[in-house]
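Subject: Structure for you to look at

Hello,

Here is the structure I promised to pass on. Have a look at it first, and then read my notes below.

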Amino acid sequence: METLPDRPAASKTLGWRQILPVVVIVCVYAAGTAAVLPVLPFHIREMGGSPLILGIIIASEALGQFASAPLFGQLSDRLGRKSVLLLCQSIAALSLLLLALAPNLVIILIARAMFGFTVGNISVTAAYIADHSSPDNRRQAMGIMMGAAGLGGIIGAGLSGLLSEISLNAPILASFVLVLFALLVTSLTLENDRPAERETGERPSFKAILAAPAIRLVVMVMLFHFFAYGMYMSQMPVFLGDTFIWDGHAFTAKELSYLIMADGAVNIFAQLVLMGWLSKYLTERQLILVLFALLAIGFVTAGLASSIPVLLLAVFLISTGDALAKPTYMAALSNRVPTNRQGIVLGAAQSLVALADITSPVIGGFILGFALYGIWIGVAIATAMIGAVIVASRFPRPAAT
């Protein structure tokens with residue numbers, strides 16, 4: 001793998017004063033996102049939507065991400081991180097209000113596509129973190145940001161579980177309020193950062209970014225990882241709603257909120273405990289192989305689950321594999337590009353990965369539309385295994401000492 005020689009040699013301590021506002025923003029924004037997730041599949045089903053329709057609506061979010069991530073990343077390099085975050089959050093608030101008022105599936109589709117367009121803020125916050133960290137502590141900084149997202153997921157899912165007993169619309173309105181609060185925090189606390197200087201005449205493009213073999217390989221591995229995860233996550237509520245009954249109780253939005261809370265708890269544990277511990281003993285290559293193994297074993301466990309403890313074990317394995325993946329991949333990309341291209345490269349990579357998020361829920365929804373549960377799990381497992389083979393064969397081993 002290639003590394004860039006123009007990285008500063010001296011490391012600096014983590015800029016907590018600059019990072020803390022972003023941690024709060026990410027936490028609140030994630031809470032708003034998580035408040036919608038448990039009720040959305042059941043809201044769509046209530047309006048007559050099939051698993052394929054659910055997949056298409058989820059794919060529309062990823063399509064918005066595909067369009068916005070490189071755009072917002074590039075704009076944040078030029079205009080500054082704060083301005084672009086405020087724009088993203090404003091569009092997100094508008095999309096949630098539209099979702100709350102949606103009279104039919106078409107409006108839900110439009111609202112979720114708009115919300116997906118704002119997911120580009122992830123690349124912006126990651127670029128902000130990269131601005132205030134060094135290569136030595138960047139993985140830790142990215143992990144802290146993802147841990148904040150996990151905490152927000154717990155808060156939002158718990159809120160959704162309580163409010164879903166009132167109506168399926170109540171959690172959506174709560175999400176709208178939370179995103180407005182994130183917008184307020186961004187406006188009042190984030191630094192008015194100065195845009196990084198760009199190289200004269202540079203015109204970023206997917207072709208230029210992927211011309212670097214090191215970046216191209218990381219993006220390829222990310223595609224396999226997130227396609228496998230997307231196959232599982234996008235249709236998991238349908239699968240459990242159709243097949244999982246425990247102690248006479250069917251799987252509903254309330255139970256899904258509990259699983260999302262568990263996912264958030266695992267996320268925090270993975271970022272604050274496991275990431276630091278594993279980073280001491282595993283190389284980048286070994287860590288990514290562990291991620292794929294966790295996904296594959298988790299998918300098998302989820303397919304066989306017939307009790308709450310087994311289902312929770314599957315959630316733990318899959319959530320750990322996903323939680324560790326995000327900071328690992330972001331740090332891997334960030335450490336392979338110069339400082340003045342952090343936003344555009346992270347944004348472009350996120351946009352390319354959105355291709356997996358676009359296709360996986362549609363394919364998963366099509367398969368589950370025929371109740372082919374074994375094939376659905378099998379495709380997710382096979383994808384994870386192919387990704388592991390690529391890492392094992394293409395990622396360089398550390399040089400012998």
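Which helix gives the most to the lining of the second largest pocket? Helix 11 does, with four residues.

Before going on, a word on how to read this. The model is predicted, so local features need pLDDT of at least 70 and side-chain atom pairs count only at pLDDT 80 or more, while totals for chains, interfaces and linings use all residues. Residues are numbered from 1 along each chain as its sequence is written, and side-chain values use heavy atoms, with hydrogens and water left out.

**The pocket.** Its volume is about 240 Å³. A pocket here is an open set of points on a 1 Å grid over the protein atoms alone, where a 1.4 Å probe fits, with protein on both sides within 12 Å along at least five of seven lines; lining residues have an atom within 4 Å of a point. The volume is the space filled by probe spheres set on the points, which are joined across faces, edges and corners. Among the lining residues are Phe244, Trp246, His249, Glu255, Tyr258 and Leu312. Strand 2 (249-250), helix 11 (253-281) and helix 13 (308-334) each give two or more residues to this lining. By class, the lining divides into ten nonpolar residues, one polar and one charged; Ala, Val, Leu, Ile, Met, Phe, Trp, Tyr, Cys and Pro count as nonpolar, Asp, Glu, Lys and Arg as charged, and the others, Gly among them, as polar.

Of the 401 residues, 56% count as buried, meaning under 20% relative accessible area with a 1.4 Å probe, protein chains only. The largest nonpolar core has 110 residues, of which Phe299 and Tyr329 touch the most other members. Helix 10 (residues 213-243) gives the most to this core, with 16 residues. Such a core is a set of buried Ala, Val, Leu, Ile, Met, Phe, Trp, Tyr and Cys residues joined through side-chain atoms within 4.5 Å.

**Serine 160.** This residue lies in helix 7 (residues 138-163). Serine 160 is buried, because its relative accessible area is 0%. Leaving aside residues up to four places away in sequence, Serine 160 touches Ala34, Ala35, Pro38, Val39 and Pro171, where contact means heavy atoms within 4.5 Å.

Best wishes

How values were computed
Buried < 20%, exposed > 50% of the residue type's maximum accessible area, 1.4 Å probe, protein only.
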